[in-house]
Amino acid sequence: MATNNMNNKTGIAVGWIVIVLILIQFIPLNRFDQPSKPPTGIPASVLAVLEAHCYDCHSTQTRWPRSAWIAPLSWHVTGKVRQARKALDFSNFDALPEPARREIEQSASRLAGSADLAKHGAIAGFPPIRMTESERRELAEWATNNNRE
């Protein structure tokens with residue numbers, strides 16, 4: 001008799017957990033990005049590297065992974081992207097004052113030279129960052145020489 005009572009309580013608890021997990025899927029999160037023009041202050045070769053490795057988190061052109069659509073993991077993923085955009089958003093690069101642009105260039109150069117770039121901003125669902133040596137050089141030269149097209 002006690003076993004049946006325990007099974008009923010467990011079944012009810014599991015049922016409520018399932019209901020809550022279903023309901024939290026309907027909590028709206030801002031995953032809809034506004035299209036933006038590519039920054040004119042960044043050379044095309046550097047922009048290609050940034051788009052390939054940085055834009056998913058540091059622009060409004062995010063390609064959201066599946067993990068961004070399944071709560072409660074989606075809360076973590078969208079929060080991390082929001083944090084990354086707050087720190088650096090290439091979508092408004094042209095509107096930034098020159099000192100802020102130079103700071104971004106220096107940060108990009110430091111990250112490109114980092115020994116373990118794959119750990120930078122590791123977010124569930126997004127692929128780890130794996131830049132080639134030539135891509136790293138491209139970013140570093142841009143930051144060092146302040147190349148502009």
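## Group meeting talk: a walk through an all-helix model

Setting aside neighbours within four places in sequence, Phe90 touches Pro39, Ile42, Leu50, Cys54, Tyr55, His58, Ser59 and Ile104, where contact means heavy atoms within 4.5 Å.

A quick word on what you are looking at. This is a predicted model, in which local features need pLDDT of at least 70 and side-chain atom pairs count only at pLDDT 80 or more, while totals for chains, interfaces and linings use all residues. Residues are numbered from 1 along each chain as its sequence is written, and side-chain values use heavy atoms, with hydrogens and water left out.

Back to Phe90, then. Together with Ile42, Leu50, Leu139 and Trp142, Phe90 is among the residues with the most contacts inside the largest nonpolar core, which has 18 residues. By nonpolar core I mean a set of buried Ala, Val, Leu, Ile, Met, Phe, Trp, Tyr and Cys residues joined through side-chain atoms within 4.5 Å. Buried stands for under 20% relative accessible area, exposed for over 50%, and partly exposed for what lies in between, with a 1.4 Å probe and protein chains only. Helices α2 (44–53), α5 and α6 (133–145) each supply at least two residues of this core, and α2 gives the most, with 4 residues. There is also a second, separate core of 8 residues, including Trp64, Val81, Ala84 and Phe126.

Now for the whole chain. The protein chain has 6 helices and 0 strands; these are DSSP runs numbered from the N terminus (helices are H or I, at least four residues; strands are E, at least two). The radius of gyration is 21 Å, well over the 15 Å that the globule rule gives for 149 residues, so the chain is more spread out than a compact globule. That radius is taken over C-alpha atoms, and the rule is 2.2 Å times the number of residues to the power 0.38. Along the principal axes, the C-alpha atoms fill a box of roughly 80 × 30 × 20 Å. Buried residues make up 34% of the 149 residues. Of the contacts between residues at least 6 apart in sequence, 72% join residues at least 24 apart.

What sits on the surface? Ile12, Val14, Trp16, Val18, Ile19, Ile22, Leu23 and Phe26 form a nonpolar patch there, with about 850 Å² of accessible area together. Such areas come from the Shrake-Rupley method with a 1.4 Å probe, and for residues only the protein chains shown count as cover. Patches are made of residues with over 30% relative accessible area and no salt bridge; like charges are joined within 9 Å, and nonpolar side chains (Val, Leu, Ile, Met, Phe, Trp, Tyr) within 5 Å. One member, Val14, lies in helix α1 (residues 2–23) and counts as partly exposed at 45% relative accessibility.

How many salt bridges does the structure hold? There are 2, each being a side-chain nitrogen of Lys or Arg within 4 Å of a carboxyl oxygen of Asp or Glu. Asp56 and Arg63 form one of them, at 3.1 Å from N to O; Asp56 is buried, at 12% relative accessibility, whereas Arg63 is exposed, at 55%. Glu98 pairs with Arg102 at 3.6 Å, N to O. Because Glu98 and Arg102 are 4 residues apart in helix α5 (residues 98–112), about one helical turn separates them.
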